[in-house]
Amino acid sequence: MAKAKVNTFFSIGEHIVYPIQGVGEIKAVEKRIFKDQEVYYYEIYFETPDMTVMVPVNNAESIGMRKIVSEKEALAALELIGQDYVPVAADWKARYQLNLELLKKGSINDIAVVVRALYDRSKLKELPILERKLYDSAMKLLIDEISFSLKKTKSESEALIFERLEIEKKHLSEK
């Protein structure tokens, strides 16, 4: 478990987005032996749920690990939440699978689409347990990334998100 000096895309101390898990901090880059080969790993700490994961440096991009979006991209995702959209008219299992795939892709816009769709759906009818968990997870991911990107507290970011969701809801009820 030697600390390593290797060229990597992410830096120690940098906050990153790991699909499904959320925002974590690169704590170290370590070299370990795996199947008789030296492999470099990012050690990533997630404050919630107080967990550390090891991700092979060479696999980081393929699993969707990415940098926190810019302020401009975060604001665009907030705008996306407030736009009109056509709800997916599928049964909940198909919706769940579609939304899960979007979360796995991990872009902030995909996360925003999931939050918007499930929020709207939850206002019409109570979400099934798995969809509710997916909504909670997507909301946490969006709040975390917006917080880091816009340099706001989590509660300020959550308020911004709900403000945009309510604008969408109010706009729909006026039609």
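**Helix packing, buried residues and aromatic pairs**

S157 is located in helix α5, which spans residues 154-174; helices (H or I, at least four residues) and strands (E, at least two) are DSSP runs, numbered from the N terminus. The model is predicted, so that local features need pLDDT of at least 70 and side-chain atom pairs count only at pLDDT 80 or more, while totals for chains, interfaces and linings use all residues. Residues are numbered from 1 along each chain as its sequence is written, and side-chain values use heavy atoms, with hydrogens and water left out.

The relative accessible area of S157 is 0%, and the residue is therefore buried (under 20% relative accessible area; exposed is over 50% and partly exposed in between, with a 1.4 Å probe and protein chains only). Not counting residues up to four places away in sequence, S157 touches I143, I146, S147 and K152, where contact means heavy atoms within 4.5 Å.

I146 also takes part in the packing of two helices, being one of the α4 residues that meet α1. The axes of helix α1 (residues 71-81) and helix α4 (residues 129-150) come within 8 Å and cross at roughly 140 degrees. Axes are lines fitted to C-alpha atoms, for helices over the stretch in contact, and angles run from 0 to 180 degrees between N-to-C directions. The helices α1 and α4 are therefore oblique to each other; angles under 35 degrees count as roughly parallel, over 145 as roughly antiparallel, 65 to 115 as roughly perpendicular and the rest as oblique. The crossing of α1 and α4 is left-handed, that is, the near helix is turned anticlockwise from the far one by less than a right angle (clockwise for right-handed). On the α1 side, E71, A74, L75, L78 and I81 make the contact, and they meet L142, I146, S149 and L150 in α4. The residues of this contact comprise 7 nonpolar, 1 polar and 1 charged (Ala, Val, Leu, Ile, Met, Phe, Trp, Tyr, Cys and Pro count as nonpolar, Asp, Glu, Lys and Arg as charged, and the others, Gly among them, as polar).

L100 belongs to helix α2 (residues 92-105) and is buried, with 16% relative accessibility. Contacts of L100 are made with I20 and L134, not counting residues up to four places away in sequence. A separation of 9.8 Å is found between the C-alpha atoms of L100 and Y135, which are 35 residues apart along the chain. In the loop between α1 and α2, D84 is partly exposed, with a relative accessible area of 40%.

A search of the whole structure gives 5 aromatic pairs. Rings of Phe, Tyr and Trp (its six-membered ring) pair if their centres lie within 6.5 Å; planes under 30 degrees apart count as stacked, over 60 as edge-to-face and the rest as tilted. F10 is buried at 3% relative accessibility, and Y42 is buried at 1%. The ring centres of Y18 and F46 are 6.0 Å apart and the planes stand at 90 degrees, so this pair is edge-to-face. Y18 lies in strand β2 and F46 in strand β4, so parts 28 residues apart in sequence are tied together. F46 is buried, at 0% relative accessibility. Ring pairs also link F9, F10 and Y42 into a cluster.
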